[in-house]
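The sequence and structure come first.

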Amino acid sequence: GGGFRGAPGEPRIPVPGYGAGLSRRPPGMARQGSGAMLASGGLGFPPQNLARVVVWEWLNEHGRWRPYSAAVCHHIENVLKEDARGSVVLGQVDVQLAPYVIDLQSMHQFRQDTGTMRPVRRNFYDPSSAPGKGIVWEWENDNNSWTPYDMDICITIQNAYEKQHPWLDLSSLGFCYLIYFSSMSQMNRQTQRKRRLRRRMDLAYPLTMGSIPKSQSWPVGASTGTPCSCPQCLLVNSTRAASNAILASQRRKLYPGAVRQSSTFAGGAALWPTGTGTAAVAGGTAKGEGLRVPGGAFAPGQSVPGGAPLPGLNNLNRPGTQRGTGLGARATVPPGVPALPVKNLNGTGPVHPALAGMTGILMCAAGLPVCLTRAPKPILHPPPVSKSDIKPVPGVNGICRKTKKKHLKKSKTPEDVVRRYIQKVKNPPDEDCTICMERLVTSSGYEGVLSHRGIKPELVGKLGKCGHMYHLLCLLAMYNNGNKDGSLQCPTCKAIYGEKTGTQPPGKMEFHLIPHSLPGYTDSKTIRIVYDIPTGIQGPEHPNPGKKFTARGFPRHCYLPDNEKGRKVLKLLIVAWDRRLIFTIGTSNTTGESDTVVWNEIHHKTEFGSNLTGHGYPDPNYLDNVLAELLAQGVSEATLKD
């Protein structure tokens, strides 16, 4: 029921068109009529004299390219026209993006407060597609705010909308979602969960034609000889310097023995005014090199004293590790300036210490307070606990529950189940059946696809509790496509008829108390839940019966506070486990792997001592939220009384 995400290293999903399959095309090639063109490495180039809409995108932790807004893309393009190797301060156009800077030369987004780097790309689309018209499609997330779809998905939805298709199946793109335009909703085909959908008009994305302008010296404009020493400029300049230092170290790995020094500022700009000497740039050839920081600010855009300016480079269409470098020798350093070594340039994690370190050094040089730290890591597990300290949870029977393979109940036929919960409607209203999207006064859209004795395609029924009406044949098709457990769930309001069960594979659930406290619950001990599911073979209720499924990351540890509400949640989670609702088999949002065990719409807290991933504490609303999620699965407090 969430957004569309993939995984690092997975094959790039091709440019979609309505009903398109997963065909492969070389990078940079557009499929006719799709309205989209994939970007090449680095800054892409549209074909000469061919107008294209430009969308800048960043790569998230799930391997999906997420679009910047149209306003941000216009801002990036304006900076690009003036200096193709400059830096773009995103906070100038969107205050929510204040910590972020894009370095156009390395094609990376840099977060100044954590040092996190993410690749960015310049992508091209047809002017007649959704971004060219300023059309944005969004889905409602769990926080009741709106999230835009990836641009390729947005274009696919808009194409279907313009062709007046009543619905759109995204399974051909690798996503188990259906889009219904009449109700403006997105439905998860596996869980039947619906989310609201909306289409809104925004600023059209920028238009470009042919290749981009050649790069100019940085900074743009006539140099006054007086550098800007505001904190923002210091941060931007340090970002560029450190980013190039990292690229230089990567080049030395690829080309050992070669003397390649990065031109940190376009046009060979020096760090200091000519009257005070120059600074050593990280990325040179001497061992133990560092950055010498004077007490004043620097003046970008000036030449190295006593020599010619370093040549500018137009390396925009090549990956960072393959770009050529400027020429020049190591410069002298003003006397009396302490050397501060830049370490760990070859960091392999998402946070490059050099970037955060260089930022801090230059802030310190400007007299600004700074604390040099690495980005914090999540605290996933509590301190070690001895067996004698592990206790049963008060008021909860036992410490372990096991589930076995599902035993199908054969006492009720699908027709019996459907008839049990509906009342026949003799004169249905002239409204849509939200399952087949045909009018209720006409035959079901499943006529000719599904036939069943005793159920005519024009018969309409009303669900008893909620009163929503559907074709009986449509309800039968929905039931046959589900778990066939004797229950029905209204696709409109999610009301559950009968006892809903899931498709969770066999496994074990353990729960006990540990003598540690969660953040935000310092007066309580902690309930630890341990789920363990082994790999196995999919059953008839799973997506690919007979095929092996994987179970990654087990055993999985989850945490609840040991208070009255936390114990209530635990009891309901035990019921959900017994009904096989906690996990299912599908495609992982984290890794993109299919036929694997995944969470099933009931959120758990897997981070014990922090909340950096959003799956930890403190989270004052979590217990109420998970109670609502359990209720949506038919697991309520009334269940405990029964």
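Two residues are in contact when they have heavy atoms within 4.5 Å. In this predicted model, residues 24 or more positions apart account for 65% of the contacts in the protein chain with a separation of 6 or more.

**Whole chain**

- The protein chain holds 10 helices and 29 strands.
- Of its 642 residues, 49% are buried.

- An open sheet is built from four strands in the order 17-23-24-27, with antiparallel pairing.
- Strand 17 (400-403) and strand 27 (556-561) are the edge strands, each pairing on one side only.
- From one strand to the next, the twist averages 20 degrees.
- Four bridges join strand 17 to strand 23 (residues 507-514) in the antiparallel sense.
- Cys 400 has Glu 510 of strand 23 opposite.
- Helix 8 packs on this sheet and touches strand 17, strand 23, strand 24 (526-532) and strand 27. The direction of helix 8 makes about 170 degrees with that of strand 23.

**Helix 8**

- Helix 8 (residues 564-578) has 15 residues and, at 1.5 Å a residue, should therefore span 21 Å. The end C-alpha atoms of helix 8 are 22 Å apart, which agrees with that expectation.
- The buried residues of helix 8 are Gly 566, Val 569, Leu 570, Leu 572, Leu 573, Ile 574, Val 575, Ala 576 and Trp 577.
- An α-helix has 3.6 residues a turn, so residues three or four places apart point the same way. The buried set in helix 8 includes Val 569, Leu 572 and Leu 573.
- Arg 580 follows helix 8 and has a positive phi, near 65 degrees.

**Nonpolar cores**

- The largest nonpolar core has 42 residues. Trp 56, Tyr 68, Ile 76, Leu 90 and Tyr 149 have the most contacts inside this core.
- At least two residues of this core come from each of strand 2 (51-59), helix 1 (70-82), strand 5 (100-103), strand 7 (117-125), strand 8 (135-140), helix 3 (151-162) and strand 11 (177-180).
- Apart from its neighbours within four places in sequence, Leu 90 is in contact with Tyr 68, Val 72, Ile 76, Leu 97, Tyr 100, Ile 102 and Gln 109.

Methods: Residues are numbered from 1 along each chain as its sequence is written. This is a predicted model: local features need pLDDT of at least 70, side-chain atom pairs count only at pLDDT 80 or more; totals for chains, interfaces and linings use all residues. Side-chain values use heavy atoms; hydrogens and water are left out. The expected span of a helix is 1.5 Å times one less than its number of residues. Buried means under 20% relative accessible area, exposed over 50%, partly exposed in between (1.4 Å probe, protein chains only). Two strands pair if DSSP finds at least two bridges between them. Axes are lines fitted to C-alpha atoms, for helices over the stretch in contact, and angles run from 0 to 180 degrees between N-to-C directions. A nonpolar core is a set of buried Ala, Val, Leu, Ile, Met, Phe, Trp, Tyr and Cys residues joined through side-chain atoms within 4.5 Å.
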